[in-house]
Structure formats: structure tokens, C-alpha cells
Amino acid sequence: MSLFQVYPLYDIEPVKGLGEYLWDKNGVQYLDLYGGHAVISIGHTHPHYLKKITEQINKIGFYSNSIHIGSQEKLAERLSKISGCEEYNLFLCNSGAEANENALKLASFANGRKKIIAFKGAFHGRTSLAVACTDNPSIIAPINENENIVFLPLNDLQALENEMNEEVCAVIIEGIQGVGGIQLANFEFLRKIKELCTRFGAYMIADSVQCGYGRTGNFFYHDLSGIKADIYTMAKGMGNGFPIAGILISPVFKAKNGMLGTTFGGNHLACEAALAVLDVIEQENLIENAENLGNWLMQELKTLPHVKEIRGKGLMIGIELDFPIATLRDKLIYEHKMFTGNSSNKNTLRLLPALNIAKSSLVQFLEVLRNELKNYKA
Ligand SMILES: Cc1ncc(COP(=O)(O)O)c(C=O)c1O
């Protein structure tokens, strides 16, 4: 049997990871500036993470959500503190798409409405409603086409005002669009969404799957605008590679038995992985580290030739060059042994390293990039 080929692959097979480094089967070392799409938040094979998961698997790995799982409550407690969402409730699931799917479903259950406002360039996942809210017709199957979704230009206050009314169920927005090429929602825009949602009885869903979990120097990027969303969705960095996702739900939503559900969501192992990640984030001050390193790195990147714009916050960074980055990215990986990311913007290189990456590794990357960029003509 062959694999169903849906991913363009790099001809590299990492077999070992430690911190921000990976090694392939020939022992060649790579610097990971991408964290497997923002997933590796505390570095590969962090010793504390390994210890906690190993201890848990030796006790019990899984049982369904029909029994009491104490680590879910521990996780809720820890998340409420670190996110500042003390009054919110937690629902656990397995992936970012599933988190968004549940958030949208919950909003619709609560206000009985169907219309969703999403934004151009958005990516919210591949399940039916999440993909319908994703601005990429090539990944929307005919069965997932949905007339209830309206796409507006990001940061267009007037378009938003024109579209908001009592029919809108929810507005879903990434604080910083990741797949869309590191495009930031501005704070005035985020505040306006919240204001209009409150005025019209709609809900604001903050997709924090990529820009959340401390990556931008704040637990949730959206909150830097001074508002609280009605629902936050999280995944990626939450489990450092162990599949876990969740939604934080404001107290205005009332839970009902059977309303949401999942077999695997919030299982013993997943919760332990997530708790270990939070331990490391707190013990190593990783949110502050992301902010400080990110500020420094973005300033340095601005001094490089061919840079048109540096966008981002913390360790979620887009380097927009004045030429398409595909060849450069290949050179970085094959010659310089450095993983970076692309995006739907062909000129933008995406950086999403672990939040505890060493400054020296970033210095090494800057040197390589500076030298490489000399080879390109203006
Ligand atoms: C902002 C955002 N939302 C949702 C998703 C979907 O997450 P998953 O692939 O875990 O379903 C992604 C994945 O890249 C994402 O970047």
C-alpha cells in the first residue's frame, strides 16, 4: 500500500530531536525554525515533558470521557491562570480544526443563528465548517460549500460595520493570520469586532491555534487589544506535538449534556502533555522570552537586504522579501540545514521556532540569511 499523497515532501527524514535541533537518519543536524507548523513550543524531547508523559503512560493512557479525569480539571485551573480567563470553561478536543468547529457550533447553539463572518486570507482548518470559513476555495469540497459564510477584508472597519446585524452568529478571526502570510489584525479592528458582536448578540471567536499559547509574547494575541473574546480556540503549541486542542468558553455559554463531545479529547496522556508544556512555559519564562527574542530578531531582520517588510509579534514572524522565497527556502534546508516555513504569500518566509530557542541559534540563522541574500539581485 502507498500513502495517499496529499503533502509535497522535503526529501529529509528527521529521526531525532532535541531543543531546536533535529537529526536525520544519516546524523545530519538541522536547525528547526519552524517547529512543525508552530507545534513545538518548548523544544523537541524536553526532559520534563518526557518524564511527565512516561510517568503517565506507565499508569493509564486513556479512558473515555464517561469517567472523571482529574488532569482535565488541573489543566483547566492552570489555563485559567495563565490566560487570564478565570471565569471561562474549558472543552478539550484533538486538533485546531476541531476546536474551531466546536467553537462555531457552540455559538450557533447559543444564539440560534447561522451566519458567520470570516476574513480574507484566513485559515481555520479542514473539517466541514472550519474549512468553509477558510479563504481557500481549492480545499473546500462541494459538500462543504456554505452560503452562511461571508469573507471580509481584514482590518476593514467599514466592511465590518456594513455586514454586522442581528443575523450574524459569530465572527471568527486569527489574531495574526499564519497560513495567510503573518498578517496582523489591528487592535482597533479587534475591539470593533467585540463591540459589534456585543451590540448584535453575536459571538467573537478568537482563533488562537497558531498565534496563541504565548508565542506572541502574550498568552492570547487578541487580548493585547484590551478585549476578551467570547471563545478562544487553541491547539498546536498546547501539547508540543502530542495532539491536544481546546476551547476556552466565556461564562455566557451554558453547557448541556451531550452538546459537544469527543472520544479522544482530553485523555489522560494528552492532558499530561499539556500540563508539562505549561510547567515549562512557566518555569522557563517562555512567554517573556518569546517577546524579547522576537523584538530583537525582528529589528535585526529589518537590516537585511531585499527585506520589504517584517511582520509579526514575538516568535511568530513573517519576512517579506522582494522576490519569491521558494528557492531560498530550499537552499536554507538543503544547504544550510535550516527548517523555515512558507505561506500563501509567495514572498513571505515564516518563522515559528520553539519559544525557548537560544539566541545563538537565531544569530546563526541571521548570518546565513544575510549571506544568502547577497546572491539575489534587486
Ligand atoms: C489559525 C489556524 N487555525 C486552525 C488550524 C487547523 O489546525 P489543525 O491542523 O490542528 O486542525 C490551523 C492549522 O494550521 C491554523 O493555523
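Predicted model: local features only at pLDDT ≥ 70, side-chain atom pairs only at ≥ 80, totals over all residues.
I take two strands to pair if DSSP finds at least two bridges between them.

Entry 1: I began with strand E1 (residues 14-18) and strand E2 (residues 21-24), which run antiparallel and are joined by four bridges. Within this pair, I found Leu 18 opposite Tyr 21 in E2. I then examined the turn: two residues lie between the strands of the hairpin, and Gly 19 takes a positive phi near 60 degrees there.

**Entry 2: overall dimensions.** I recorded eleven helices and 16 strands for the protein. The radius of gyration is 21 Å, close to the 21 Å that the globule rule gives for 378 residues, so I regard the protein as being as compact as a globular protein of that length. I noted that the C-alpha trace spans about 55 × 55 × 45 Å along the principal axes. Of the 378 residues, 47% count as buried. I also looked up contacts with a separation of 6 or more, and residues 24 or more positions apart account for 72% of them.

**Entry 3: the seven-stranded sheet.** I traced an open sheet with mixed pairing, in the order E4-E12-E11-E10-E7-E5-E6. Which strands stand at its edges? I found strand E4 (89-93) and strand E6 (149-152) there; each has a single partner strand, so one side of each is left without a neighbour in the sheet. Direction ignored, neighbouring strands of this sheet are turned by 20 degrees against each other on average.

**Entry 4: the ligand shell.** I listed 15 residues around the ligand, of which Ser 95, Gly 96, Ala 97, Gly 125 and Val 209 come nearest. Which helix gives the most to this shell? I found that helix H4 (residues 96-111) does, with three residues.

Technical notes: Residues numbered from 1 in each chain as written. Rg over C-alpha atoms; globule rule 2.2 N^0.38 Å. Buried ≥ 20, exposed ≤ 12 C-beta atoms within 10 Å, placed from the backbone. Contact = placed C-beta atoms within 7 Å. Near = placed C-beta within 6 Å. Axes fitted to C-alpha atoms, helices over the stretch in contact; angles between N-to-C directions.
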